[in-house]
Amino acid sequence: MNSNNRREETAGVKEIARLANVSLATVDRVLHNRRGVSEATRSKILKIIKRLDYRPNILARRLASGKVYKFAALIPSVSEETAYWQAPLNGITRAEAELIQYGIKIEHYLFDQNDKKSFVSKAKVILDNEIDGVLLAPSFIDESVQFTNKCRELKIPYVFINSDIPAQESLCYIGPELFKSGYLAASLAGYYKGEIGKILVVNIVKEIDNQHHVVRKEEGFRKYFKDHNIKTQIVDANIHQTDFKAVEKRLKEVFEQHPDITSVFVTNSRVFSVARFLEKSDMRRVLLIGYDYIEENIQFLRNGRINFLICQKPEEQGYRGIMALYHHLVLKIPIANIDYMPIDIITKENYEFYKN
């Protein structure tokens, strides 16, 4: 570290100590996540560090050590069915561009979100390599639990994005509050229509029981009606083949059986398939709510076929997930266990101004 950098860093630590009314040694303990500091003092110092945007000259330290940290990003690949996962990947790439100078290398392990074997295969490759930290989208619950159990054995920290798995001791979860997300969707159904008729909940996933994020959203959706003592019939359509032909076939069956459905809630980004069906069937009066700011959905939002999209900053999830690993492993900064993303409501009136 050159003398100018050393003076700047020392001056920064002195200012933090002055504002917190503590010794330089106490600030140093907090910066390096060492014991001997009360929680109240630690919290006070961390708030000052954040307010001052203090950053130790980590570049010089990293270059001196010569250590390279390898992070693995285990997330679904972009598919013909949905481009959703391009956004988290963009966030991961953005973080990588910022951190590469500090000796951080990020390896991408992209799996087929409709294929458990693909996930297991990529997870095995990660465990067979010397990886320092993992960013994980736990699309398959059982397989993700097996993987994270092994990570803990190997002392590899991992961050969940998009969906969490309770009691899995992750470094942190970065994503939406899934239950509240579904709760909000139910509120929109009633608010928009003024009165609530029969409602269809559509889950377009291979195996719903193994998709925690879908299950939690539907639980929240149903709880809204229970909490508000709203008596309405909720019909389920679990569609296990994700191509449009399969979606169309199942929806035709459901609407023939329940022609009085007034609202449809789709629990993931494949809401565009339902919009396409409704448009093709000329069902103009059915309210449609779904997820995610992707081009396929925006097209139907723009023409009014989708009424509401619920979005949760997927690019930011990818970015923050990598930065959480960096802060924990390199800067030794304490990480909040939960970092909830905002639950944004997008309509045809405001979609042009939204940043994913």
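**Strand pairing and helix packing in a predicted model**

Strand β4 (residues 158–161) and strand β5 (residues 172–175) run parallel and are joined by three bridges, where strands are DSSP runs of E of at least two residues, and helices are runs of H or I of at least four, both numbered from the N terminus. Two strands count as paired if DSSP finds at least two bridges between them. In this pair, isoleucine 161 stands opposite isoleucine 174 of β5. The model is predicted, so that local features need pLDDT of at least 70 and side-chain atom pairs count only at pLDDT 80 or more, whereas totals for chains, interfaces and linings use all residues. Residues are numbered from 1 along each chain as its sequence is written, and side-chain values use heavy atoms, with hydrogens and water left out.

Strands β4 and β5 belong to an open sheet of six strands with parallel pairing, in the order β2-β1-β3-β4-β5-β11. Its edge strands, each pairing on one side only, are β2 (104–111) and β11 (338–340), and the twist from one strand to the next averages 15 degrees.

Helix α5 (residues 86–99) lies across β1 (69–76), β2, β3 (133–136) and β4, and runs at about 165 degrees to β2. Helix α7 (residues 141–153) lies across β1, β3 and β4, running at about 165 degrees to β3. Axes are lines fitted to C-alpha atoms, for helices over the stretch in contact, with angles from 0 to 180 degrees between N-to-C directions; contact means heavy atoms within 4.5 Å.

The secondary structure of the protein chain comes to 13 helices and 12 strands. Among contacts with a separation of 6 or more, 69% are between residues 24 or more positions apart.
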